[in-house]
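User: I would like to learn how to read the strand pairing and the ligand surroundings in a model like this one. Could you take me through it step by step?

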Amino acid sequence: MSAAGTTEVDIAIVGGGMVGASLALALAGTQRRVLLVEAVVPDSDWQPSFDERTTALGNGSRRVFETLGVWPHLAAHAAPVREIRVSDAGHAGAARLSASGQGLEALGYVVPNRAIGRALWQQLAAQPALAICNPAQVTQLRLDREAARLLIGATAAGGGGGGAVEHVTARVVVAADGAQSLVRAAAGIGAELEDYEQVAVVVHVATDLPAAGIAYERFTPTGPLAVLPLADGRYTVVWTLSPQRARDVCALDDASFAVALQADFGWRIGRILRVGARAAYPLRLSRAERMVGERAVLVGNAAQALHPVAGQGFNLGLRDAALLAEILAAAPDPGAAAVLEDYERRRESDRRGMIGFTDGLVRLFASGRPGVAAARNLGLALFDLAPGAKRALSRVSWGFGDEAPRLLRGLPVAR
Ligand SMILES: Cc1cc2nc3c(=O)[nH]c(=O)nc-3n(C[C@H](O)[C@H](O)[C@H](O)COP(=O)(O)OP(=O)(O)OC[C@H]3O[C@@H](n4cnc5c(N)ncnc54)[C@H](O)[C@@H]3O)c2cc1C
């Protein structure tokens with residue numbers, strides 16, 4: 001963004017992280033005039049969405065990325081998960097879910113967020129009809145019956161200069177600006193917050209047994225510990241701890257950190273030889289009370305931010321984006337109340353199902369009560385013997401909704 005001025009668009013997307021960038025790409029091939037505003041340069045060290053984390057993409061998300069032409073740029077970075085092994089620390093219950101048992105090539109794919117950011121933004125840069133403001137942030141938003149009016153200022157974040165201000169009028173504004181969404185607040189939509197009082201410590205480790213397609217989920221008294229394969233043979237670890245213990249382990253030197261992690265996780269992945277930089281994420285469930293307001297609509301973390309226990313937050317947000325793109329592309333007025341309410345209604349069952357599934361899993365495995373622990377272990381043992389339950393779980397990565405958006409069916413957004 002250079003000169004000051006006023007711009008009119010059909011759709012303004014605020015936030016070009018994982019979900020907003022995917023939505024912009026999905027809409028790029030349509031007749032809509034689309035503007036994407038992202039505060040931080042995508043490949044900078046402080047980009048909050050495309051950071052050192054990895055994302056477990058379900059098969060549904062892979063299909064969406066294939067349809068959008070992104071997958072060929074991700075495939076080399078994606079580690080297929082061919083088996084998931086679940087265990088409950090201190091108890092005998094355990095279960096395995098294999099891709100081959102479900103007739104699948106993989107249960108999902110672990111991809112570094114940075115690779116996703118690079119692939120999405122390279123594709124966005126190749127869309128001549130798409131207007132992009134980056135680095136720039138929406139600082140004010142007014143919504144009324146006719147339009148969304150945005151004030152956009154350049155940011156210093158990621159190397160921008162600052163200074164220029166632009167006024168934009170849009171028929172609809174999309175909140176893809178994350179859990180602390182400014183757009184959601186401007187639309188007067190509240191969010192229920194539930195603090196899990198847990199912190200996820202994320203780190204990559206190298207061991208003397210290179211990763212080979214097996215993912216581990218171990219439920220410990222402090223929370224779940226996920227160890228996922230990376231394409232380069234290392235593992236990525238998401239270690240959920242109490243806030244105090246997270247602070248303590250983050251302060252350890254690498255060798256002591258490896259010993260502490262090995263003590264909680266065991267030796268299933270061999271001896272930990274090297275640990276990378278650690279990053280900590282406080283975990284809370286945030287659920288917007290509505291997904292739509294006047295000339296405003298929410299996707300991804302702005303609508304709901306989940307505990308990472310089941311690796312579903314982005315997968316759910318991508319399905320938000322896939323359906324929204326389809327609806328906005330087809331509607332005569334993309335910001336009309338009836339259009340936005342149609343989106344909210346059609347996302348309801350997937351959203352409710354996935355929030356309930358994730359939150360239920362956190363609570364079930366957090367309980368130390370003897371009766372709950374025994375039932376949980378019986379449940380794991382029964383699950384291990386039940387092909388129907390395994391089939392049902394392997395379908396979770398396609399979502400809980402009754403209908404699959406076009407992108408999920410391999411079809412382009414516009415008819
Ligand atoms: C430890 C951890 C592990 C996870 N693992 C998985 C997993 O394996 N699988 C999975 O599906 N999900 C996972 N998730 C969830 C996933 O990371 C989120 O669902 C996803 O990042 C949501 O993306 P988003 O684009 O909605 O929001 P964000 O990632 O928060 O992006 C928001 C973007 O908006 C920009 N922005 C904010 N305000 C403004 C403004 N005013 N103007 C302009 N731009 C703005 C920000 O710079 C940012 O780029 C995990 C989460 C955590 C914490």
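Analyst: Let us begin with the idea of pairing: two strands count as a pair if DSSP finds at least two bridges between them. The model shown here is predicted, and in it three strands form an open sheet in the order β3-β7-β4, with antiparallel pairing. The edges of this sheet are β3 and β4 (79-81), each of which pairs on one side only, and from one strand to the next the twist averages 30 degrees.

User: In which sense does β11 pair with β10, and in which sense with β19?

Analyst: With β10 (residues 148-154), strand β11 (residues 165-175) pairs in the antiparallel sense over six bridges, and A148 has A170 in β11 as its bridge partner. With β19 (residues 296-298), by contrast, β11 runs parallel, and three bridges join the two; here V173 is partnered by A296 in β19.

User: Turning to the ligand, which elements supply its shell, and what kinds of residue are found there?

Analyst: A residue belongs to such a shell if one of its heavy atoms lies within 4 Å of the molecule. In this model 31 residues surround the ligand, and the closest are E38, S49, A56, N301 and F314. By kind, the shell divides into 14 nonpolar, 14 polar and three charged residues.

User: Which polar atoms of the protein lie by oxygen or nitrogen atoms of the ligand?

Analyst: A polar side-chain atom of Q47 is 2.9 Å from a ligand oxygen, and a polar backbone atom of V19 is 3.0 Å from an oxygen atom of the ligand, while a backbone N or O atom of G313 is 3.5 Å from a ligand nitrogen. As for cover, the ligand on its own has 1,000 Å² of accessible area, of which the protein covers 89%.

User: Why is G360 classed as partly exposed?

Analyst: The class lies between under 20% relative accessible area, which is buried, and over 50%, which is exposed; G360 is partly exposed because its relative accessible area is 33%. This residue sits in helix α9, residues 337-366, and its C-alpha atom is 24 Å from that of Q102, which is 258 residues away along the chain.

How values were computed:
Residues are numbered from 1 along each chain as its sequence is written. This is a predicted model: local features need pLDDT of at least 70, side-chain atom pairs count only at pLDDT 80 or more; totals for chains, interfaces and linings use all residues. Side-chain values use heavy atoms; hydrogens and water are left out. A polar contact is a pair of N or O atoms within 3.5 Å; within protein, one must be able to donate a hydrogen and the other to accept it, and residues adjacent in sequence count only if both atoms are side-chain atoms. Accessible areas come from the Shrake-Rupley method with a 1.4 Å probe; for residues, only the protein chains shown count as cover. Ala, Val, Leu, Ile, Met, Phe, Trp, Tyr, Cys and Pro count as nonpolar, Asp, Glu, Lys and Arg as charged, and the others, Gly among them, as polar. Helices (H or I, at least four residues) and strands (E, at least two) are DSSP runs, numbered from the N terminus. Buried means under 20% relative accessible area, exposed over 50%, partly exposed in between (1.4 Å probe, protein chains only). Axes are lines fitted to C-alpha atoms, for helices over the stretch in contact, and angles run from 0 to 180 degrees between N-to-C directions.
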